[in-house]
Amino acid sequence: MKKRIIKYGIISLIGIYLIFQFLPLGDYCSGLGNFLSSLFLIGLLILLVFILAIRNLIRIKKNKEKFDFTPLIMTLFFGLMWYFLVDMTNKKFWTKKSLIAFVEIEGTPNSGTLVLFENGSFGASYHRADYSCTYQGNYVIIDNRLTLKRPNLSELTHKIFTTEYLINRKDNILKPMKEGFKEIGISKMKE
């Protein structure tokens, strides 16, 4: 019984870590490193299940025991969850987007994406060539004035985003209230 708890626990820990790498909860970073580490974990999980299956087959031959499908089922479950969550990176599937805006800093590999969600939260993503980091918080819109309620947002995003913008619906831009920040082009806005 203790051996089963240990082997199921190891499979569960690897699977849960694999899944939580790609859930868009709180602040997070993702990129090539995350994907490579997840491929390593998937390989480790498959190797572990393969070894457990061989041990199980040997026990079946020696002791006439039944085949234990639980490690295989657990691995398939975590693999399917990972597969669907990789495609959902940077998406909060539990709420809808109300605004998507993009800014690119010319002459640098830096860019940013601002997504406002209907539940009153936002995600400000700072993109580099090989990774991106998303910082989340809440927002308020009063009289076409967008306020992102996140302290240190400009420092976290390397001066790509500030905390206050005027929404220009005619030109589809977010105009920063502070000097030194670029206007952000709105690609999608829900009325």
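Predicted model: local features only at pLDDT ≥ 70, side-chain atom pairs only at ≥ 80, totals over all residues.
View 1. Numbering starts from 1 along each chain as its sequence is written, and side-chain values use heavy atoms, with hydrogens and water left out.

**View 2. The largest nonpolar core.** A nonpolar core here is a set of buried Ala, Val, Leu, Ile, Met, Phe, Trp, Tyr and Cys residues joined through side-chain atoms within 4.5 Å, with buried meaning under 20% relative accessible area (1.4 Å probe, protein chains only). The largest one has 22 residues, and Leu-114, Leu-116, Phe-122, Leu-146, Leu-148, Phe-161 and Leu-174 have the most contacts inside it. At least two residues of this core come from each of β2 (97-104), β3 (111-117), β4 (121-127), β5 (131-142), β6 (145-149), β7 (164-168) and β9 (184-189); strands are DSSP runs of E, at least two residues, numbered from the N terminus.

View 3. Another core, of 16 residues, lies apart from the largest one and has Ile-11, Leu-18, Leu-41 and Ile-42 among its members.

**View 4. Zooming back out to the chain.** Its C-alpha trace spans about 75 × 35 × 25 Å along the principal axes. Of the 191 residues, 41% count as buried.

Technical notes
Buried < 20%, exposed > 50% of the residue type's maximum accessible area, 1.4 Å probe, protein only. Helix = DSSP H or I, 4+ residues; strand = E, 2+ residues; numbered from the N terminus.
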